[in-house]
Structures are given as structure tokens and as C-alpha cells.
Amino acid sequence: MFGQTRKIGFATLAAISAADCAAHTMNSLGPFAVGELIKSGQMTAAQAGLWSSTEMLFYAAAMTGIASHVDRVCLRMLALVAAGCVIVAQAGSAYLHVFWVLLCLRGLSGLGLGALNAVVNVGASRIGQPVFVLSFVMVVQTVVFSVSSLFLPYVGNISGQKGIFLLLACLVLVLMPLMRLLPNKAHTAARVLQDARPASGQATAALFAVLCYTGGSLAVWPFTERIAASVGLTSDAFGSLSAFANIFGLCVCFVSVGLSHNKSNMRWLSPALILTGVICVFQASPPSWLFFSAAFSLNYALWFFIYPSLVGVTCLIDPSGKLASRSGGVWMLSQAATTLLAGGVGNSGQYMWVGFFSFLLCLASAICIMFIRLRKIIAL
């Protein structure tokens with residue numbers, strides 16, 4: 001692991017890790033914000049679903065738009081501008097309470113988060129060894145979010161909406177200096193690589209696999225704090241559970257990094273997708289807090305194996321980074337749609353059918369991966 005880190009360059013990996021942490025702040029820590037907005041009476045579950053989906057749609061728009069210009073993307077400048085947008089959006093959300101204004105700020109936040117995630121995916125494609133790079137940066141991500149998830153419940157109890165959103169803004173602000181280590185010029189190889197056209201069937205299957213997995217596994221994610229409360233977990237207990245899930249995910253990340261150069265690692269991808277589908281049923285409609293805790297932790301941990309593997313496949317199919325950037329856009333489009341569905345269902349507190357729908361989507365993702373000839377695209 002450390003030999004490969006030195007080969008790629010620690011400063012570059014640190015910069016991409018900072019962009020990755022900033023890009024996923026709302027993915028991992030968003031449930032605390034949603035939970036606070038619902039608990040304080042600022043929004044209903046349906047409004048919170050629309051609020052989250054708006055951010056995801058703009059996230060998808062940013063990544064899809066950037067995908068068409070990956071050969072000209074200057075990673076450093078894009079990351080710094082995007083981080084600034086996120087900070088403004090989060091700081092504004094700390095002080096404003098009008099729903100439509102908060103919705104507009106989610107659009108700004110989504111653009112920034114999407115651009116940051118594009119930096120991560122394009123950077124991983126340009127460096128090479130995308131599965132290793134994505135697994136490595138997710139190790140850093142789990143450490144950052146483990147610590148954050150311990151503090152956020154206390155901040156929410158003391159300062160409510162203002163405290164949570166200001167802490168989210170400060171987290172991105174602290175990460176910005178590291179983003180200055182990113183290269184500011186487009187890699188010359190990217191222009192050559194973009195001319196290589198991947199097999200359309202392989203590319204479509206990879207995008208569809210990402211779409212189904214992310215939409216299914218994350219359908220009820222913004223509402224997990226509310227589901228936890230329905231089975232008796234307090235906000236502090238949910239914060240501790242989130243920290244444990246991050247640590248569990250960290251262990252999975254280390255395993256993924258260690259196996260990232262092993263072709264047999266991909267053999268576990270389809271079974272992991274099917275297992276996630278089963279887990280989603282119990283996470284959406286848990287019979288007890290114990291079932292919820294186990295499902296939440298397993299789903300979270302498996303994400304850190306499945307997501308870098310799926311995006312890594314798109315990088316290997318199309319080394320220019322265009323397909324990887326589009327995969328991020330597809331992720332947000334699918335999650336936006338399923339989150340909006342979950343938000344509507346959540347008004348009655350019944351997420352069971354969303355859980356079964358998530359299972360079907362994860363099953364479809366596994367079938368797509370079986371279609372892709374991984375042995376032919378993975379060069380060792």
C-alpha cells in the first residue's frame with residue numbers, strides 16, 4: 001500500500017483525498033442536517049426529500065457538464081471554486097429559514113459538491129490505478145467522517161440548524177488548503193485518451209450498474225436518522241452508530257486497498273451488490289434497533305468496497321475520466337429520484353416498499369456487472 005502511495009505521490013493523494021472528503025460531506029453527514037430540519041419543524045419529510053433531491057440534481061448536472069470537458073479541466077482551480085460554493089451554501093443555510101431560499105442554496109451546494117466529485121474521479125483516471133486511488137481516498141474520508149459524526153449530534157443539541165450547517169461549512173474550509181496541491185493544468189495524456197472510444201455496451205452496463213446501486217442503496221439514506229429514532233435510537237446513539245459504521249468502513253477500505261491490484265477482488269462485486277439489496281430491506285423497515293444498527297453498519301461498510309470498485313471499472317473502461325465523471329452524475333440522478341420517492345413515503349413513516357425497491361435495483365446492478373467482461377479491461 002505505502003509503496004504504491006509513494007509511486008503516485010503523497011501530495012497528490014492528499015489533495016484528491018481533501019476534495020473527496022469535501023465532495024461527500026452531505027452524503028455521509030447530510031442525515032444529521034435533514035434530521036435537524038425535520039425535528040425543528042422547518043420541513044416535513046416530503047419537503048426534506050425535495051430539499052435533498054434538489055442538491056442531488058444539481059450535483060448530477062455539474063458532473064455531467066464537466067464530463068464533456070474532461071480534457072480541459074484544471075483540477076486545482078475547479079476544486080477551489082467548487083469548495084467556495086459549498087461553503088457559501090452551507091453558511092447561508094445556517095442562518096436562513098425560508099424553505100425556497102434553502103432550496104436555492106441546495107442548488108449552489110449541489111453544483112459545488114458535484115464539481116468536487118468530478119475532480120476526484122477525473123484525478124483518479126489521470127493518475128492510473130483508479131481502484132487503488134479511490135479506495136485510498138475513502139480511507140481518509142472514513143477517518144474524517146468518523147470524528148465528525150461524533151461531534152455533530154452534540155452541536156445539533158446545542159446550536160441546532162445553525163451549528164450543524166456552520167460545522168459543515170468549516171469542514172470544507174479546513175480542507176481547502178490541501179486542494180491547492182492539485183495540478184492546475186490538464187494532463188496531456190487526457191486529450192489522447194479521450195479519443196479512445198470504449199465499447200458502448202460495456203460503458204452502458206457500467207453506468208447502469210452505478211445508477212441502480214446508488215439509487216437503491218441510498219434511497220432512504222437522508223432519512224436514516226429519522227428511521228433510527230422510530231426504533232428508539234436517540235440522536236446521540238445514532239451519532240455513535242455512525243462513528244462505528246465509519247470505523248467498520250475504514251476496515252473495509254484497507255482491505256479494498258490491499259486487494260485493489262488483484263483481479264479476483266472483482267469477483268466479490270456482484271455478491272456484495274446482492275447482499276446490499278437484502279440489507280436495504282432491513283434498513284428501511286427494521287423490526288428493532290438491533291436490526292437497524294446491523295443493516296446501517298453493513299450497508300455503510302459495503303459502500304466503501306462497492307463504490308470505488310464500480311467507479312474504478314468506469315475508469316478502466318474509459319481512461320479519459322469522461323465515463324467516471326458521468327457515473328457520478330448518474331449516481332446523483334438516481335439517488336435524487338429514489339430520495340424524492342422515499343420522502344413522499346416518509347410522510348406516513350412507511351419505508352418498507354422503498355426497501356424492496358432498493359433490493360430490486362441492487363439486483364439489477366449485480367446483473368450489469370456480470371455482463372461486463374472485467375478480465376479484459378483490468379490490466380495488472
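# Questions on a predicted helical model

Student: Where does Ser-52 lie?
Tutor: This is a predicted model. The stretch that holds Ser-52 is a helix, and that helix is H4.

Student: Is Ser-52 buried or exposed?
Tutor: Buried means under 20% relative accessible area. Ser-52 has 5% relative accessibility, so Ser-52 counts as buried.

Student: How far apart in space are Ser-52 and Met-26, C-alpha to C-alpha?
Tutor: In sequence, 26 residues separate Ser-52 and Met-26. In space, C-alpha to C-alpha, Ser-52 and Met-26 are apart by 9.2 Å.

Student: What share of the residues is buried?
Tutor: The protein has 380 residues. Buried residues make up 60%.

Student: What share of the contacts with a separation of 6 or more comes from residues 24 or more positions apart?
Tutor: Take the contacts in the protein with a separation of 6 or more. Residues 24 or more positions apart account for 87%.

Student: Which residues is Phe-292 in contact with, leaving aside neighbours within four places in sequence?
Tutor: Phe-292 is among the core residues that touch the most other members. Its contacts are Thr-224, Ile-227, Ala-228, Val-231, Leu-233, Phe-238, Leu-241, Gln-283 and Pro-286.

Student: Is Glu-55 buried or exposed?
Tutor: Glu-55 lies in helix H4, residues 45–67. The cut-off for buried is under 20% relative accessible area. Glu-55 has 8% relative accessibility, so Glu-55 is buried.

Student: Which side chain makes a polar contact with the side chain of Glu-55?
Tutor: Leaving aside neighbours within four places in sequence, Glu-55 is in contact with Met-26, Arg-106, Ser-109, Gly-110 and Leu-113. The polar contact, at 2.7 Å, is with the side chain of Ser-109.

Student: Which parts does the salt bridge of Glu-55 and Arg-106 tie together?
Tutor: The side chains of Glu-55 and Arg-106 meet at 2.6 Å, N to O. Both Glu-55 and Arg-106 are buried. The pair ties together parts 51 residues apart in sequence, because Glu-55 lies in helix H4 and Arg-106 in helix H6.

Student: How many salt bridges does a search of the whole structure find?
Tutor: One is the pair Glu-55 and Arg-106. Another joins Glu-225 and Arg-226, at 2.9 Å. Lys-39 and Glu-36 form a salt bridge too, with the closest N and O atoms 3.7 Å apart. The search finds three.

Student: Why are Lys-39 and Glu-36 separated by about one helical turn?
Tutor: An α-helix has 3.6 residues a turn, so residues three or four places apart point the same way. Lys-39 and Glu-36 lie in helix H3, residues 25–39. They are about one helical turn apart because their separation is three residues.

Student: Which residue just after H6 takes a positive phi?
Tutor: Step just past the end of H6. There the phi is about 50°, and the residue is Gln-129.

Student: How many disulfides does a search of the whole structure find?
Tutor: A disulfide is a covalent bond between the sulfur atoms of two cysteines. The closest cysteine sulfur to that of Cys-362 is in Cys-280, at 4.6 Å, too far for a bond. The search of the whole structure finds zero.

Note on methods:
Residues numbered from 1 in each chain as written. Predicted model: local features only at pLDDT ≥ 70, side-chain atom pairs only at ≥ 80, totals over all residues. Heavy atoms only, no water. Core = buried A, V, L, I, M, F, W, Y, C linked by side-chain atoms within 4.5 Å. Buried < 20%, exposed > 50% of the residue type's maximum accessible area, 1.4 Å probe, protein only. Contact = heavy atoms within 4.5 Å. Helix = DSSP H or I, 4+ residues; strand = E, 2+ residues; numbered from the N terminus. Polar contact = N/O pair within 3.5 Å; in protein donor to acceptor, adjacent residues only side chain to side chain. Salt bridge = Lys/Arg side-chain N within 4 Å of Asp/Glu carboxyl O. Disulfide = S-S within 2.5 Å.
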